[in-house]
Amino acid sequence: MLRIHFSAGDLARTRVADGPDPLWESVLSLHQLRERQSDPAMARWQRHVVRNCRAALRLLVPLVPIRGYFPDFLTPAESAEGFEVGLDALLSTPRAQLCGQISQLAVERPIDPWARSVAEGASPVLHRLGEALRDYRHHALGTSWQRIRARIEADRTWRARTQWYGGTDAMLRTFGPALCWRPPVLESDYPVDMDLHLEGRGLLLIPSYFCHRTPVALADPSLPPTLVYPARPAGSGLTPPSAVEGPHLARLLGHTRAAVLESLGGECTTSELARRAGVSLSSASEHAAVLRSAGLISSNRLRNCVHHSLTPVGLALLDGRRTARPSGRPGRLAGASDGQV
């Protein structure tokens, strides 16, 4: 059993991740790769990956056992900013952490010489590890990323909206049997008995396509508290934002501007907004400016990009409600041949 202990401050600092995490999906897909599958699409994906990733799998499988502990350095927090950013952080892991986590891996099972060489942190070895992760991600996730993203974004948008309107307590009650919220403790079935005290740090919840059965937490309690959980599949009671109040919004705002607002669903860049709504970059920027002037979205510049997010008024308009209670953070919204999952 995993027990996560909250304080009032932790509830205020708990949020759902802005989108899929490429390194978490890579690592957890390595688990699914070795499961027996009854789903024909997943079985085709397994055959595709095994056929195209033999060299990469020889290096990755020893670090990610199908059951039990795997090293935290494989899923750094920086991965939320993109695969390459996360990979740079992974390959910059201090040698002491590499050694300590590989040693913990060896407690449960014998490790091979390759894993021991990773613990030493030599540059050529880490370079090989990085190339193996790039190759694996390309073949295992590349053609399926939009499908993965669509499921995750539908789940996280629904959770974030629940948090916005009802607060974190209401959002934590949406997880059903997988996670049981007994204030002030969040409980989950887990391979080991573990207590995690947030101590004012809050909790980052990451929905995952490849996380099955039970949620996964970082093993090191000193790291930022993180819990990865199975994203709910389509048709499981989630309402996609594009289906909410569509005709009414179109009459009010015009079809294109309504599509831009519905596509937003939370935070995203202007280029991402254009892609989702199917409009040009200049058109997306123009519509965002009008929606911002109307108080339906807010925009903030981060580095070289402008990020847009719904305001409480925008959320209320999408949901057909008159009021909104800001108690959380809204998020982003997104979207088989052989090898697709």
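Strand 10 (residues 297-302) and strand 11 run antiparallel, joined by 6 bridges. Strands here are DSSP E runs of at least two residues, helices are H or I runs of at least four, and both are numbered from the N terminus; two strands pair if DSSP finds at least two bridges between them. This is a predicted model, with local features needing pLDDT of at least 70 and side-chain atom pairs pLDDT 80 or more, while totals for chains, interfaces and linings use all residues. Residues count from 1 along each chain as its sequence is written, and side-chain values use heavy atoms, leaving out hydrogens and water.

The hairpin of strands 10 and 11 has 2 residues between the strands, and Arg303 takes a positive phi near 55° there. Strand 11 (residues 305-310) also runs antiparallel to strand 9 (residues 268-269), with 2 bridges.

| Residue | Bridge partner in strand 11 |
|---|---|
| Thr269 | His307 |
| Ile297 | Leu310 |

Now for the helices. The axes (lines fitted to C-alpha atoms over the stretch in contact, angles from 0 to 180 degrees between N-to-C directions) of helix 5 (residues 83-91) and helix 8 (residues 123-140) come within 10 Å and cross at roughly 155°. That makes the two roughly antiparallel, a label for angles over 145 degrees. In helix 5, Phe83 and Leu87 are among the residues that meet helix 8, whose side includes Leu126 and Gly130.

As for confidence, pLDDT (the predictor's confidence in each residue, from 0 to 100) averages 83 over the chain, and 86% of residues score at least 70. Residues 235-246 stay under 50, as do residues 321-337.

Conventions
Contact = heavy atoms within 4.5 Å. Parallel < 35°, antiparallel > 145°, perpendicular 65-115°, else oblique.
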